[in-house]
Amino acid sequence: MEVNDNQINTIVDRVVGQLTGANVIEEQKIPQQKINTSHDTPKNSTIIQNRGCFHSIEEAIEAAERAFIEYKSTSIAQRKKIISAIREICLDHIKELSRMGLEETGLGRYEDKLKKNELAILKTPGIEDLEPKAFSGDDGLTIDERAPFGVIGSITPTTNPSETIICNGIGIIAGGNSVVFNPHPSAKKTSVYTIDLLNRAVLSEGGPPNLFTTLANPTIQSAQIMMKHPKVNLLVVTGGPAVVNVAMQSGKRVIAAGPGNPPVVVDETADLDKAGKDIVTSAGTDNNIICVLEKEIIVTEKAADGLKKALIKYGAIEIGQYQARRLEKLIIEDGHPNKKWVGKDIQIILKEIGIDVPADKRIAIIETGPDHPFARIELLMPVLPFIRVKDIDEAIDLAYELENGCFHTAVIHSKNIENMHKMAVKINTSIFVKNGMALAGLGIGGEGAASFTIASPTGEGITTARHFTRTRRCTLSGFLNIV
Ligand code: NAD
């Protein structure tokens, strides 16, 4: 009997599905995963197998626990191979990940999602983040090693769905854990697709099935069940203030990555041309839905005109006061950003108030005072207030105030080392960027590891593999030191 490639794939997927207990979702339209089942199912019916996807959060947790038990016997060398396979498969599917993220959530820009996914795939550290420590001396030898927690529950946002799953996923399994994801309901297809890719990579390197699990229809309720589930040992929560508050009350250990409202301060000593270019490039990325990006511009009087010129040169459009009032009515609703406009292109937003914006523009700037809602509210749109202040002291004080106790991210453009130092000390954020894009703090144009989980409330900052582990110490008293 002749068996073609499609049929072989179908058989392999079915067997893996049966072995892993993975869910089969009828008719869910996820590209790349349709399986031709003409021999087994009624005509016109397609089934889609998503490795690691279950009907309920409880099933997803149980499966992740079984995977963790099996994964315990996986060597560190094998973990490394699995992580390499994850990077490879995600790079191979980066276009689908980016397109799906955009189409499903309606947020951001395709070309920027390619960059964000690439960052998560290539710059999220794996095993190398988990170096053991050794102490030797008169009293013998002690080693501190990084051990897994077990099953980790990760709640992911709509703004970076695949990026957060890739990033958390690599770090979590580097640490020897398994993970259950409760993604944002508005990004469930992208999330299920990403998790399927990750599991495929694990299986291809001989790892256990369901190291990454999720459920077909995640909800706030399923997230809350996960937060209380006895088999979930650590929560990793990435999102706005509500989910952070609920998770902090769960009684479990939490890594919480909450909202931000990053100010960028520019003084008269700065390279204003570079500052303008950096701000437009960074704040325009993915239409400003990334939590670390510049959300308000605070500029000293002496630098203001020069900076504005540079911003406009590099792709900002300035909005006058009359139009700003119309814009405010459009994009702010009951003190919150109107979801309809979150993450949309500036051309689409301003068209609504009758302004045609050339295609090469990326952000709008509006001169406002410090109390304007555009400055106080985390808009997650390519709309930035431009606030003039007397001098650097006023700028730093205002930046601190507008950052609003998130202690998340802030930026300064200055060549005055005293000014930079003063702001660094006062602002107290997890990420502080000097003379670069806020994105540099995530690893685009800056050194250091990438993460899409910036945990300010619980203090981990750029969250990587080591944060998903417990430190265990083994001490041999009196022996094995060799000097
Ligand atoms: P969101 O808070 O609406 O949703 C985040 C996740 O939390 C989703 O999975 C959602 O289903 C879940 N959730 C929301 N409320 C919940 C509740 N009461 N109980 C249980 N689960 C709940 O956020 P979003 O719109 O997806 O993302 C944007 C927000 O997240 C912004 O505020 C942004 O700054 C923040 N964010 C922070 C980081 C970071 O690293 N600090 C990264 C990305 C996004």
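In the predicted model, a polar side-chain atom of Q224 lies 2.8 Å from a nitrogen atom of the ligand, a polar contact being a pair of N or O atoms within 3.5 Å. On its own the ligand has 840 Å² of accessible area, of which the protein covers 90% (Shrake-Rupley method, 1.4 Å probe).

The shell around the ligand holds 29 residues, with T156, T158, G258, E378 and I454 coming nearest; a residue is counted as near if one of its heavy atoms lies within 4 Å. By class, 14 of the shell residues are nonpolar, 14 polar and 1 charged, with Gly counted as polar and Asp, Glu, Lys and Arg as charged. Helices α8 (220–228) and α9 (241–248) each supply at least two shell residues, and α8 gives the largest share, 4 residues (helices are DSSP runs of H or I, at least four residues; strands are E runs of at least two).

Elsewhere, L476 lies in strand β23 (residues 469–477). L476 counts as partly exposed because its relative accessibility is 38%, the class between buried (under 20%) and exposed (over 50%). Together with F479 and L480, L476 makes a nonpolar surface patch of about 330 Å²; such patches join nonpolar side chains within 5 Å, from residues with over 30% relative accessible area and no salt bridge (Lys or Arg side-chain nitrogen within 4 Å of an Asp or Glu carboxyl oxygen).

Residues are numbered from 1 along each chain, and side-chain values use heavy atoms, without hydrogens and water. Local features of this predicted model need pLDDT of at least 70 and side-chain atom pairs 80 or more, whereas totals for chains, interfaces and linings use all residues.

Conventions. Patches are made of residues with over 30% relative accessible area and no salt bridge: like charges are joined within 9 Å, nonpolar side chains (Val, Leu, Ile, Met, Phe, Trp, Tyr) within 5 Å. Buried means under 20% relative accessible area, exposed over 50%, partly exposed in between (1.4 Å probe, protein chains only). A polar contact is a pair of N or O atoms within 3.5 Å; within protein, one must be able to donate a hydrogen and the other to accept it, and residues adjacent in sequence count only if both atoms are side-chain atoms.
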